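Here is a short note for a colleague opening this entry for the first time. Please read the points in order, with the model at hand.

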Amino acid sequence: MRFLSWLLTNAVALATAAWLVDGVRFTGPSSGTAELEHKWPTLLVVALILGVVTSFVKPVLTILSIPFIVLTLGLFLLVINAAMLALTGWLAEQLDLGFRVDGFWAAVLGAVVITVMTWVVDRLIGDDRR
């Protein structure tokens, strides 16, 4: 159950970022039931990729970036989150999943939206870890 809520939280955050940020998008049909049928499996796979990248790559980058994080008073964590989203976009493109992140600023804005949405959804559905 915890895995499912984690995956759905990531999926909702990714969908919101794709909806709000111009450079973060899913390719394919853009309206109607065809859009839903085409994009929801891709959304779940990309959410899984983002979770795996965040779980394994982000801690290593964070530890290696401690001097920059301290120097920027934590703002460098936005760059790390943007790098995780950009890496997810690159992996999705390599796997031909139909998810793209176009450029650094789109990745930064997308990472901010994903972070905020993850926090909001966690507050709405409750946190299993307590």
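1. Terms and ground rules. Helices (H or I, at least four residues) and strands (E, at least two) are DSSP runs, numbered from the N terminus. This is a predicted model, in which local features need pLDDT of at least 70, side-chain atom pairs count only at pLDDT 80 or more, and totals for chains, interfaces and linings use all residues. Residues are numbered from 1 along each chain as its sequence is written, and side-chain values use heavy atoms, with hydrogens and water left out.

2. Overall make-up. The protein has five helices and two strands. Their order from the N terminus is α-β-α-α-α-β-α. The radius of gyration is 15 Å, close to the 14 Å that the globule rule gives for 130 residues, so the protein is as compact as a globular protein of that length. That radius is taken over C-alpha atoms, and the globule rule is 2.2 Å times the number of residues to the power 0.38. Along the principal axes, the C-alpha atoms fill a box of roughly 50 × 35 × 25 Å.

3. Burial and surface. Of the 130 residues, 34% are buried (under 20% relative accessible area; exposed is over 50%, partly exposed in between; 1.4 Å probe, protein chains only). The protein exposes about 8,100 Å², and carbon and sulfur atoms supply 72% of that area. Accessible areas come from the Shrake-Rupley method with a 1.4 Å probe; for residues, only the protein chains shown count as cover.

4. Contacts along the chain. Take contacts (heavy atoms within 4.5 Å) between residues at least 6 apart in sequence. Of these, 68% join residues at least 24 apart.

5. An unreviewed UniProt entry places the feature "transmembrane region" at residues 39-57, 69-92 and 104-121. UniProt positions follow the numbering used here, feature names are shortened, and annotations may be inferred rather than shown by experiment. In the model, residues 39-57 are 100% helix and 0% strand, with end C-alpha atoms 26 Å apart. Residues 104-121 are also 100% helix and 0% strand, and their end C-alpha atoms lie 25 Å apart.

6. Lys39. Is Lys39 buried or exposed? Its relative accessible area is 16%, so Lys39 is buried. Lys39 sits in helix α2 (residues 32-64). Beyond its neighbours within four places in sequence, Lys39 is in contact with Phe26, Thr27, Gly28, Pro29 and Ser30.

7. Val21. This residue lies in the loop between α1 (2-20) and β1 (24-26). Val21 is buried, at 8% relative accessible area. Neighbours within four places in sequence aside, Val21 is in contact with Ala106, Leu109, Gly110 and Val113. Val21 and Leu97 are 76 residues apart in sequence and 19 Å apart in space, C-alpha to C-alpha.

8. Backbone points to check. Most residues other than glycine have a negative phi. Leu73 has a positive phi, near 55°. Leu73 is in the loop between α3 (66-71) and α4 (76-94), and is exposed at 80% relative accessible area. Phi of Asp96 is positive too, near 55°. Asp96 belongs to the loop between α4 and β2 (99-101). At 68% relative accessibility, Asp96 is exposed.
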